[in-house]
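Thanks for coming. I will take a few minutes to walk through one structure, so please have a look at it first.

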Amino acid sequence: MQHIPVLRQEMLDLLAPQDVGVYVDGTFGGGGYTKAILESANCKVIAFDRDPYVKVIADKFEADYKERFNFFHAKYGDIRSIIESKFDGLVLDLGVSSFQLSDPSRGFSFNLSGPLDMGMGLCEGTAQDIIRKYSERDLADIIYTFGEERFSRRIAKNIKLNLNKISNTQDLANIIRSCIKKIGKTDPATKTFQALRIFVNDELEELKKVLRDSAHLLNTNGKLVVVSFHSLEDRIVKSFFKELALEKNRFKLLTKKPITPTLEEISRNHKSRSAKLRGITVLY
Ligand SMILES: C[S@@+](CC[C@H](N)C(=O)[O-])C[C@H]1O[C@@H](n2cnc3c(N)ncnc32)[C@H](O)[C@@H]1O
């Protein structure tokens, strides 16, 4: 399984890497964005990923690009404690990679049988812990808040009632499928799996932290460029950029409306269909 970078050229156009610039790739993954940045200018990339599995890819980049590339196995929300000097751009390609999604042992997919894990790395618990530890009411709130699932109460009730029958991703998906109707093509388990994954990885707090901390680490002309995949993420990025843009002399939006993939990209890479790209730049 390969990870095909989404909106790669559009991301590069906004980030506009320059020779001698320093860019942070907060979501290294398969290294698709990092490679595009390093190939487009004689610049340096500092990359982060919380997933220990990507270390082998990062090692290869370190061998190929030498001092132009540095990797940290860390969460981007901890950027402030890792990077002290200013840089020229930060790019985030949010969510899980195809490597993570397609590996049954990671437990992200409701189509594959695997342990109820869903951790990308450096997490405090698993999806299994959540369905066991939280009360029915709290579980429903998690599913509602992070999955925007309107049947959250019914799903939480069924999960709790069948807890001893749930030991892997397929068991959980089937319990969800058994209590809500399929509407259109979407699997009824989609939103609940999204909610558990976001909660296990504390994804929204991570995003808020990195945006807040990196905005003030940017050099003049520095850019923040983010690709999001669902409305909860996009809302955070949109409102944070809007807030920064109120400081009119200091920040300027690069995208009044988000950039989305062309039909051609969607037909090549179906996973890109919900991507939204936004950017902002520092004027001084
Ligand atoms: C969509 S993939 C990125 C793909 C990459 N742009 C490429 O072209 O190959 C997202 C990656 O971000 C990582 N990630 C997600 N949240 C993170 C966080 N808070 N800190 C560091 N890495 C994170 C995931 O482990 C995953 O490898």
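Two remarks on conventions. This is a predicted model, in which local features need pLDDT of at least 70 and side-chain atom pairs count only at pLDDT 80 or more, while totals for chains, interfaces and linings use all residues. Residues are numbered from 1 along each chain as its sequence is written.

Start with the domains. The chain is divided into domain 1, which is 8-99 + 203-282, and domain 2, which is 124-200. Those bounds come from an automatic or database domain assignment. Taken over C-alpha atoms, the centres of the two domains are separated by 30 Å.

Next, the ligand. It is surrounded by 22 residues, and the closest are T27, G29, G30, G32 and D93. A residue counts as near if its C-beta atom, placed from the backbone, lies within 6 Å of the molecule. Helix α2 (32-40) and strand β2 (44-49) each supply at least two residues of this shell. Helices here are DSSP runs of H or I with at least four residues, strands are runs of E with at least two, and both are numbered from the N terminus. By class, the shell has 6 nonpolar, 10 polar and 6 charged residues. Ala, Val, Leu, Ile, Met, Phe, Trp, Tyr, Cys and Pro count as nonpolar, Asp, Glu, Lys and Arg as charged, and the others, Gly among them, as polar.

Now the helices. Two packed helices are described by the angle between their axes and the distance between the axes. Axes are lines fitted to C-alpha atoms, for helices over the stretch in contact, and angles run from 0 to 180 degrees between N-to-C directions.

How do α7 (residues 136-147) and α10 (residues 190-200) cross? Their axes come within 8 Å, at roughly 95°. That makes α7 roughly perpendicular to α10; angles under 35 degrees count as roughly parallel, over 145 as roughly antiparallel, 65 to 115 as roughly perpendicular and the rest as oblique. On the α7 side the contact is made by I142, I143, F146 and G147, and on the α10 side by K191, T192, Q194, A195, I198 and F199. Contact means C-beta atoms, placed from the backbone, within 7 Å.

Helices α7 and α8 pack at about 135°, with axes 8 Å apart, and are therefore oblique to each other. Their contact residues include L139 and I143 in α7, and I155 and I159 in α8.

Last, α8 (residues 152-161) and α9 (residues 169-179) have axes that come within 9 Å and cross at roughly 130°. They are therefore oblique too. R154, I155, N158 and I159 in α8 meet I175, I176 and C179 in α9.

Key: Contact = placed C-beta atoms within 7 Å.
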